Amino acid sequence: MIDWWGWVLLWSGLVLVLVVVLATLAWWLFRKFLRLLGDVADLAERGAILDAADAELVRPQLAVLAAVSDARAREDARRCARRERRRVRRERRLDRARRITGPEAAAGPWPADWYDKA
């Protein structure tokens, strides 16, 4: 038979283990919550970029309820914007290729955009 002080020690140990486990779980959840806040902040930045874009091209609309000429005009505008984005991206790539493959690239410092991680 266990004396009364044995039961006190046993239950004190169990309560102490419970407190440690709960504190560990709380810390784990708090870190996950902070990571979630960071992801939400990134998502908000991306949403702001999308809101800043042309609203006519970003938000889809029901073509069934619109006139045929409006739907065609919207689709043509979307295709033109996409074509322009591709052209700008291609020009940026060509400019970078010209910068890093020229004879002066070997003598000078490396281009700064090599170090961009984005």
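Helices (H or I, at least four residues) and strands (E, at least two) are DSSP runs, numbered from the N terminus. I start from that rule.

**Model.** I am working on a predicted model, where local features need pLDDT of at least 70, side-chain atom pairs count only at pLDDT 80 or more, and totals for chains, interfaces and linings use all residues. Residues are numbered from 1 along each chain as its sequence is written, and side-chain values use heavy atoms, with hydrogens and water left out.

**Confidence.** I looked up pLDDT, the predictor's confidence in each residue, from 0 to 100. The chain averages 84, and 81% of its residues reach 70 or more. Among the elements, α1 has the highest mean (92) and helix α2 (residues 55–58) the lowest (54).

**Fold.** I count 4 helices and 0 strands. The order along the sequence is α-α-α-α.

**Exposure.** I took buried as under 20% relative accessible area, exposed as over 50%, and partly exposed as in between (1.4 Å probe, protein chains only). Of the 118 residues, 4% are buried. The chain exposes about 11000 Å², with 66% of that from carbon and sulfur atoms. These areas come from the Shrake-Rupley method with a 1.4 Å probe; for residues, only the protein chains shown count as cover.

I checked the UniProt record: an unreviewed entry lists residues 6–30 as "transmembrane region". Positions follow the numbering used here, feature names are shortened, and annotations may be inferred rather than shown by experiment. The span is 100% helix and 0% strand, and its end C-alpha atoms lie 36 Å apart.

I then noted a nonpolar surface patch of Val17, Leu18, Val21, Leu22, Leu25, Trp28 and Leu29, about 690 Å² of accessible area together. Patch members have over 30% relative accessible area and no salt bridge; like charges are joined within 9 Å, nonpolar side chains (Val, Leu, Ile, Met, Phe, Trp, Tyr) within 5 Å. Leu18 sits in helix α1 (residues 4–52). Leu18 counts as partly exposed because its relative accessibility is 48%.

I searched for salt bridges (a side-chain nitrogen of Lys or Arg within 4 Å of a carboxyl oxygen of Asp or Glu). The structure holds 4. Glu75 pairs with Arg78 at 2.5 Å, N to O. Glu75 also bridges to Arg79, with the closest N and O atoms 3.4 Å apart. Glu75 and Arg79 both lie in helix α3, 4 residues apart, about one turn of the helix.

Arg98 and Asp95 meet at 3.2 Å, N to O. Arg98 is exposed at 51%, and Asp95 partly exposed at 40%.
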